[in-house]
Amino acid sequence: MNIVLLGPPGAGKGTLAALLKTELNVPHISTGDIFRSNIKNGTELGKKVQGILASGGLVPDEVTIEMVRDRLGHDDTASGYILDGFPRTIKQAEALDEMDTLDAVINFVLSDEEVVKRLSGRRLAPSTGKIYHIITNPPKREGYDDETGEKLIQRDDDKPEAIMHRLEVYRNETAPLIDYYRAKGNIIDIDASPSPEEVLRSVIASIKA
Ligand code: AP5
């Protein structure tokens, strides 16, 4: 099953994908995670995109499209995938249409106010990317990962200025994709405000319907 997760920054796409990939037994492909891994490993791509991610802007379409084309060519996508954070522009959506057929586009619906709360409280385990929230999903020991014991970090783009910029970029560049997929008839709106487990239940029910 080929699934795209669409929605504003911080709506819970990565959190849901981590649960859904086990249910569907398909890989979770997050363009943000791929960029962050390149930054961490100091690759040429990482050096090129580091400033863009920190500010909350978008990496140029050509770079992102080629990266996704390459990733979707890997053997582990034979039974499908969960694509998180791509497409983010109409140009990316058109490129994806040429690469593959989508079974469902899950559109996360969440208010800006809730987005800001979720992003400003998010913390990550640096080596595994495990996602926490200081209030709604805190680690057992404050500030440290439950599994590895390493110190949790805050993403550069989860600082207030970058959050506001990301929301603006979302509205201008990515929100138009809702109409794009609505016209194709394969979009499913999901209320992203309940708990991750409830969101998972709604998503599974809707893709099996
Ligand atoms: P990316 O990593 O894709 O960031 P994003 O889309 O802004 O999404 P986030 O990862 O911030 O949020 P999320 O929806 O996954 O929420 P999460 O589950 O973590 O992209 C980063 C950057 O890379 C972009 O800004 C851009 O520069 C670049 N980039 C990536 N893709 C690109 C593309 N296609 N084209 C160009 N550039 C690209 O949850 C957030 C918080 O909320 C967590 O603390 C979590 O614990 C909490 N939470 C989650 N769900 C719930 C819930 N149901 N209830 C309560 N709390 C919850």
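This is a predicted model: local features need pLDDT of at least 70, side-chain atom pairs count only at pLDDT 80 or more; totals for chains, interfaces and linings use all residues.
Let me begin with the sheet, which is open, has 5 strands in the order β2-β3-β1-β4-β7, and pairs them in parallel. At its edges stand β2, residues 28-30, and β7, residues 187-191, each of which has a single partner strand, so one side of each is left without a neighbour in the sheet. From one strand to the next the twist averages 25 degrees.

Residues are numbered from 1 along each chain as its sequence is written, and side-chain values use heavy atoms, with hydrogens and water left out.

As for terms, strands (E, at least two residues) and helices (H or I, at least four) are DSSP runs numbered from the N terminus, and two strands count as paired if DSSP finds at least two bridges between them. Strands of a sheet pair through backbone hydrogen bonds, either parallel or antiparallel.

Strand β2 is joined to β3, residues 81-84, by 3 bridges, and the two run parallel; the bridge partner of S30 in β3 is D84. Further along, β1 and β4 pair in the parallel sense over 4 bridges, with N107 in β4 as the bridge partner of L6. Strand β4 is in turn joined to β7 by 5 bridges, again with the two running parallel, and there F108 has I190 in β7 as its bridge partner. How much of β4 is covered? It is mostly covered, since 5 of its 6 residues are buried, where buried means under 20% relative accessible area, exposed means over 50%, and partly exposed lies in between, all with a 1.4 Å probe and protein chains only.

Across this part of the sheet lies helix α9, residues 196-208, which covers β1 (2-6), β4 (104-109) and β7 and runs at about 155 degrees to β7. That angle is taken between N-to-C directions on a scale from 0 to 180 degrees, using axes that are lines fitted to C-alpha atoms, for helices over the stretch in contact, and contact means heavy atoms within 4.5 Å.

I turn now to the charged side chains. A search of the whole structure finds 15 salt bridges, each being a side-chain nitrogen of Lys or Arg within 4 Å of a carboxyl oxygen of Asp or Glu. One of them joins D76 to R71, with the closest N and O atoms 2.7 Å apart; D76 is partly exposed at 40% relative accessible area, whereas R71 counts as buried at 18%.

R122, R155, D157, D158 and R166 are linked in a network of salt bridges.

The loop between β6 and α7 also holds K159, which counts as partly exposed at 38% relative accessibility. The C-alpha atoms of K159 and S55 are separated by 9.4 Å, although these residues are 104 apart along the chain.

Two backbone features deserve a mention. F86 and P87 are joined by a cis peptide bond, with omega at about 0 degrees, and P87 is found in the loop between β3 and α5 (90-99). N25, in the loop between α1 (13-24) and β2, has phi near 55 degrees, a positive value in a residue other than glycine, and N25 is exposed, with a relative accessible area of 66%.

Finally, the rings. R141 lies over the face of Y144, at 4.0 Å from the ring centre; the rule here asks for NZ of Lys or CZ of Arg within 6 Å of the ring centre and within 35 degrees of the ring normal. For aromatic pairs, rings of Phe, Tyr and Trp (its six-membered ring) must have centres within 6.5 Å, and planes under 30 degrees apart count as stacked, over 60 as edge-to-face and the rest as tilted. By this rule the count comes to 1 aromatic pair, namely Y180 and Y181, which are edge-to-face at 5.1 Å centre to centre with 90 degrees between the planes. Y180 is buried at 18% relative accessible area, and Y181 is buried at 0%.
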